[in-house]
Amino acid sequence: MEDNAEKVHSLIHLDLKGAPPRLGYFEQLFPILSSFGATGLLVEYEDMFPYHGKVAHIRAPHAYLPDDIIKLHTLATNNNLIVIPLVQTFGHFEFVLKHDENRAIREIERYPNALCPTHPDAFPLVSRIIAQVVELHPNDKFFHIGADEVWHIGKCPRCQNEMEVKKMSSSDLFLAWVFKVAWWMKKEYPNLTIIMWDDMMRNMPLDKLKSSRIGELVEPMVWQYQAKKFDLPADIFNRYSAVFDGIWVASAFKGATGSTQFLPPIQHHINNHLTWISVLSEYKHQFKIYRGIALTGWQRYDHYAVLCELLPVALPCLCLCLRVATRNSFTEADHDYVSQRLGFPHRVNLVPFPR
Ligand SMILES: [Zn+2]
């Protein structure tokens, strides 16, 4: 079974929108991730991807080169990690919309976060971006199209007119855009499984989700970073199980407890994973396919924000969380094991500094 379609994954999110590591760092990092049970990487390139041609302007000056993307794959493969590229296609689109070339495609002219789904240039732009990323990920099986936190939707006169003429709500407009992008991707790249963040669909009624046929095209990744009580609708997994074949979840090992955090509050993140384990034990049996978990590590809250905890100082937290995610519990023996493996002379402090 080279496909691993039913394999349950533990993905590590590499958020490259701030302080992106050099390839040499990945060379040291990937063996550690793999040895703690990670099975893949969810790589959010943002402006670090070597975009070229008509979208060369969205590439950062210090972006990776095409050879770096190939090398990243080689490093990942050598450590038994799959690679899943993540490219935003709706909200959190600042790295594209901040440029004057794309200003007209903003939903609200003053804000560069959300694109206007009815602008005639929106789809050619998004499909061009996706095509370039897929081209450098020729053998990867999954592609994440983001689509979380689209704060501005249905606000511009063109979208409002469209909604009025076609009797659409802003939820319909959201689903229509995601459908359009995912439909095109399925046609162009039939072997790709498309993933998206779930939050914009979280409160949509079952009928709406079903009639949109979105379940034929994408798999949701349900994110929740709280320590104890999750903020999810009670029937969310009933609805998602009735609509989607594959379901993913996402936790956090850093960048989720304060936009100016220096060190991750490790106990919080361990608790977040333990809560996911208990939620999954209650609902996972309903899923047709439980795909696995992505441990997110946010570098910034958005493209313009200050940096959160840096990746190196979050490694103890990441390894502890991976241990929890792969063992489904957290014992003193796990705490000792991870601390010793990372070379600490004592147990890693779970509350790194007094608040
Ligand atoms: Zn619009």
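Author: Arg-341 lies over the face of Phe-36, at 4.4 Å from the ring centre. A charge is taken to sit over a ring if NZ of Lys or CZ of Arg is within 6 Å of the ring centre and within 35 degrees of the ring normal. Arg-323 is likewise placed over a ring face, that of Tyr-337, with 4.0 Å to the ring centre.

The model is predicted: local features need pLDDT of at least 70, side-chain atom pairs count only at pLDDT 80 or more, and totals for chains, interfaces and linings use all residues. Residues are numbered from 1 along each chain as its sequence is written, and side-chain values use heavy atoms, with hydrogens and water left out.

Turning to rings that face other rings, a search of the whole structure finds 20 aromatic pairs (Phe, Tyr or the six-membered ring of Trp, centres within 6.5 Å; planes under 30 degrees apart are stacked, over 60 edge-to-face, the rest tilted). A tilted pair is formed by Phe-237 and Tyr-283, whose centres are 5.3 Å apart and whose planes make an angle of 35 degrees. Because Phe-237 belongs to helix α8 (residues 236–243) and Tyr-283 to helix α9 (residues 266–283), this pair ties together parts that are 46 residues apart in sequence. Helices (H or I, at least four residues) and strands (E, at least two) are DSSP runs, numbered from the N terminus. Elsewhere, ring pairs link Phe-90, Phe-123, Phe-174, Trp-177, Trp-184 and Tyr-189 into a cluster.

Phe-237 leads on to the helix that carries it. Helix α8 is largely enclosed by the rest of the structure, because 6 of its 8 residues are buried. The buried residues of α8 are Ile-236, Phe-237, Arg-239, Tyr-240, Ser-241 and Val-243. They pack (heavy atoms within 4.5 Å) against α7 (206–212), β8 (218–223), β9 (246–254) and α9.

Glu-46 lies in the loop between β2 (40–44) and α2 (66–78). It is buried, with a relative accessible area of 5% for Glu-46. Between Glu-46 and Ala-60, 14 residues apart in sequence, the C-alpha to C-alpha distance is 8.9 Å.

Helix α2 includes Pro-66, which is partly exposed, with a relative accessible area of 39%. Pro-66 and Phe-49 are 17 residues apart in sequence, while their C-alpha atoms are 8.1 Å apart in space. Contacts of Pro-66, again not counting residues up to four places away in sequence, are made with Pro-50 and Leu-136.

Conventions
Buried < 20%, exposed > 50% of the residue type's maximum accessible area, 1.4 Å probe, protein only.
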